[in-house]
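Subject: Structure handover

Hello,

Here is the structure I promised to pass on. Please open it first, then read the notes below it.

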Amino acid sequence: MPGHYGKVGQGYAGLGKQELKKRKEQHTALRNIAMSKSLGAAKQVKEMQKLIGAFGSDPAFKQAGHLSAAYSTLDSAIVERDAQLRKAAKLNKRLNKLGY
């Protein structure tokens with residue numbers, strides 16, 4: 001069979017049907033997980049913004065250190081949201097390459 005293995009090792013072109021199906025399922029699952037984590041972090045961002053808006057000028061809230069904790073939580077939620085969105089976009093590009 002000359003030329004039978006010509007596409008092996010050539011990226012997506014050399015994948016068999018079963019392997020291609022498995023990769024599509026894997027990329028879809030990972031993309032969905034990243035999107036759900038991003039949505040959870042976005043929800044936390046909104047909650048922290050509401051909390052800071054409601055109690056940010058309260059001296060007792062500042063005195064107890066809750067304001068700095070709220071800002072810290074807000075910052076980490078923004079970073080998590082953005083990172084998961086980038087990850088989902090990267091996985092979506094790979095899915096498009098696989099022909100999804």
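How exposed is Glu 19, in terms of relative accessibility? Glu 19 counts as partly exposed, because its relative accessibility is 34%. Keep in mind throughout that this is a predicted model.

**Overall build**

The protein has 100 residues, and 20% of them count as buried. It holds three helices and zero strands. Along the sequence the pattern reads α-α-α. Take the contacts between residues at least 6 apart in sequence: 73% of these join residues at least 24 apart. The accessible surface is about 7400 Å². Carbon and sulfur atoms account for 55% of that surface.

**Salt bridges**

A search of the whole structure turns up two salt bridges.

One pairs Glu 19 with Arg 23. Their closest N and O atoms lie 3.2 Å apart. Both residues sit in helix H1, four residues apart, so about one helical turn separates them. Arg 23 is partly exposed, with a relative accessible area of 29%.

Another pairs Arg 81 with Asp 82. Here the closest N and O atoms are 3.2 Å apart. Arg 81 counts as partly exposed, at 23% relative accessibility. Asp 82 is also partly exposed, at 29%.

**A buried arginine**

Arg 31 deserves a look. Where is Arg 31 found? It is in helix H1, which covers residues 17-55. Arg 31 is buried, yet it has no salt bridge. The nearest side chain of opposite charge belongs to Glu 25, and that is 13 Å away. A salt bridge needs a side-chain nitrogen within 4 Å of a carboxyl oxygen.

What does Arg 31 touch, leaving aside its neighbours within four places in sequence? The contacts are Ala 88, Leu 91, Asn 92 and Leu 95.

**A positive patch**

Which residues gather in a patch of positive charge on the surface? They are Lys 90, Lys 93, Arg 94 and Lys 97. Arg 94 counts as partly exposed, because its relative accessibility is 33%.

**Where to look**

For a quick tour, start with the pair Arg 23 and Glu 19 in helix H1. Then go to Arg 31, buried and without a salt bridge. Finish at the positive patch that includes Arg 94.

Best wishes

Technical notes. Residues numbered from 1 in each chain as written. Predicted model: local features only at pLDDT ≥ 70, side-chain atom pairs only at ≥ 80, totals over all residues. Heavy atoms only, no water. Patch = residues over 30% accessible without salt bridge, like charges linked within 9 Å, V, L, I, M, F, W, Y side chains within 5 Å. Areas by Shrake-Rupley, 256 points an atom, 1.4 Å probe, with all protein chains shown as cover. Lys, Arg positive; Asp, Glu negative; His and termini not counted. Charge placed at Lys NZ, Arg CZ, Asp CG, Glu CD. Buried < 20%, exposed > 50% of the residue type's maximum accessible area, 1.4 Å probe, protein only. Helix = DSSP H or I, 4+ residues; strand = E, 2+ residues; numbered from the N terminus. Contact = heavy atoms within 4.5 Å.
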